[in-house]
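Hi,

Here is the structure I promised to pass on.

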Amino acid sequence: MGGNNMGGNNSFNDGGFGRGGGRGGMSGRGGFSGNRGGFQGGRGGGRGGGNMGGMQGGPMGMMGGPGNGPMPGSVLLVYGLAPSKFNCDKLFNIFCIYGNVISIKMLRTKEGGAMVNMQDHASCERAVMNLNNSFFFDSKLSVGFSKQDFVKIHPNPSELADGSPSAKEYTTDKNNRFFSPDSINKTRFSPPTKVVHFFNAPPTFSEDDLKEVLKRNSTSDPVRIRIFPIKPGARSAAGLIEYASVADASEVMVQSNHSIIKNPTGKMPFSLKLSFSASPIIDKPGRGGDKRGDPEDK
């Protein structure tokens with residue numbers, strides 16, 4: 001799946017990735033099997049397999065939205081981050097694609113390491129399956145389960161080199177995008193690809209407007225852009241952006257996801273939302289487009 005290594009066990013005893021199979025050892029083709037719930041053999045999982053994990057498997061699952069607290073066993077350890085390229089918000093930009101993020105803590109004792117507290121176990125499983133062994137800024141990420149049940153955030157965290165906090169809460173962050181099981185069911189999750197799906201742009205958005213926004217934080221230029229036809233009365237625009245390489249698209253995801261765009265007709269700005277797309281841009285009229293149903297929340 002996009003170069004991610006799904007074979008074997010993804011628990012790491014040295015460094016705290018999981019407790020063997022009990023909290024998320026992968027088996028076979030993406031079937032996490034464990035006591036804290038998740039995939040029980042592929043596609044059927046993620047919706048409550050196990051005792052505590054799926055979207056409908058507990059009182060604080062996705063049905064309650066990101067305002068609810070995290071479920072135990074929903075913490076990931078991430079290694080291999082390029083220190084000069086990542087802070088909490090930029091790490092949030094890639095993990096929020098696979099589920100709601102509760103909090104993030106950059107590790108002071110391990111350069112390039114971080115802990116990410118997702119809302120539930122199923123979100124962790126999706127993040128591991130799609131991001132483990134992927135590359136960002138020429139650095140290979142290792143993503144796996146932590147032994148910790150929750151990430152504890154100090155009220156006055158230390159600062160990173162860029163002046164941002166080393167730990168941050170995202171429980172009520174409006175850029176979390178999964179507010180119901182339906183919003184998850186309509187989303188086509190994908191590992192990093194060279195095609196980026198964008199949504200929640202102003203309905204009058206043009207290709208030049210999009211290029212200008214992306215250019216604020218990224219040096220990678222798109223190869224092609226396709227804006228989906230705007231339906232009458234639509235409040236936002238969506239489309240696809242193709243880059244020359246997965247590396248370029250991954251850089252844009254980190255740097256430009258949730259870019260703020262001025263609202264041409266109102267006071268509340270748009271937050272441009274990005275995700276990786278497995279669908280290519282097709283040039284034939286009427287055939288292009290990624291028909292996913294990503295939520296378009298401002």
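Let me start with a spot in a loop: asparagine 133 sits between α2 (121–131) and β6 (135–136). Helices here are DSSP runs of H or I with at least four residues, strands are runs of E with at least two, and both are numbered from the N terminus. Asparagine 133 is not a glycine, yet its phi is positive, at about 70°. With 16% relative accessibility, asparagine 133 counts as buried (buried is under 20% relative accessible area, exposed is over 50%, partly exposed is in between, using a 1.4 Å probe and protein chains only).

Before I go on, some housekeeping. This is a predicted model, where local features need pLDDT of at least 70 and side-chain atom pairs count only at pLDDT 80 or more, while totals for chains, interfaces and linings use all residues. Residues are numbered from 1 along each chain as its sequence is written, and side-chain values use heavy atoms, with hydrogens and water left out.

Phenylalanine 137 is another non-glycine residue with a positive phi, near 55°. The loop that holds phenylalanine 137 runs between β6 and β7 (139–140), and its relative accessible area of 22% makes it partly exposed. Histidine 258, which follows α5, also has a positive phi, near 70°.

Now the overall picture. The protein chain has five helices and 14 strands. It is 298 residues long, and 54% of them count as buried. Among contacts with a separation of 6 or more, 68% join residues 24 or more positions apart (contact means heavy atoms within 4.5 Å). The chain exposes about 13500 Å², with carbon and sulfur atoms supplying 50% of that; the areas come from the Shrake-Rupley method with a 1.4 Å probe, and for residues only the protein chains shown count as cover.

What about the inside? The largest nonpolar core has 47 residues, and Leu76, Leu91, Ile94, Phe95, Val101, Ile104 and Leu272 have the most contacts within it. Helix α1 (residues 88–95) gives the most to this core, with five residues. By nonpolar core I mean a set of buried Ala, Val, Leu, Ile, Met, Phe, Trp, Tyr and Cys residues joined through side-chain atoms within 4.5 Å. Beyond its neighbours within four places in sequence, isoleucine 94 touches Phe86, Leu131, Phe136, Leu141, Met253 and Val254.

Why is helix α5 (residues 246–256) described as largely enclosed by the rest of the structure? Because eight of its eleven residues are buried, including Met253, Val254 and Gln255. The cover over the buried residues of α5 includes α1, β6, β10 (195–201), α4 (207–215), β13 (259–261) and β14 (270–276).

Lys90, Asn93 and Ile94 in α1 meet Met253, Val254 and Gln255 in α5.

Cheers
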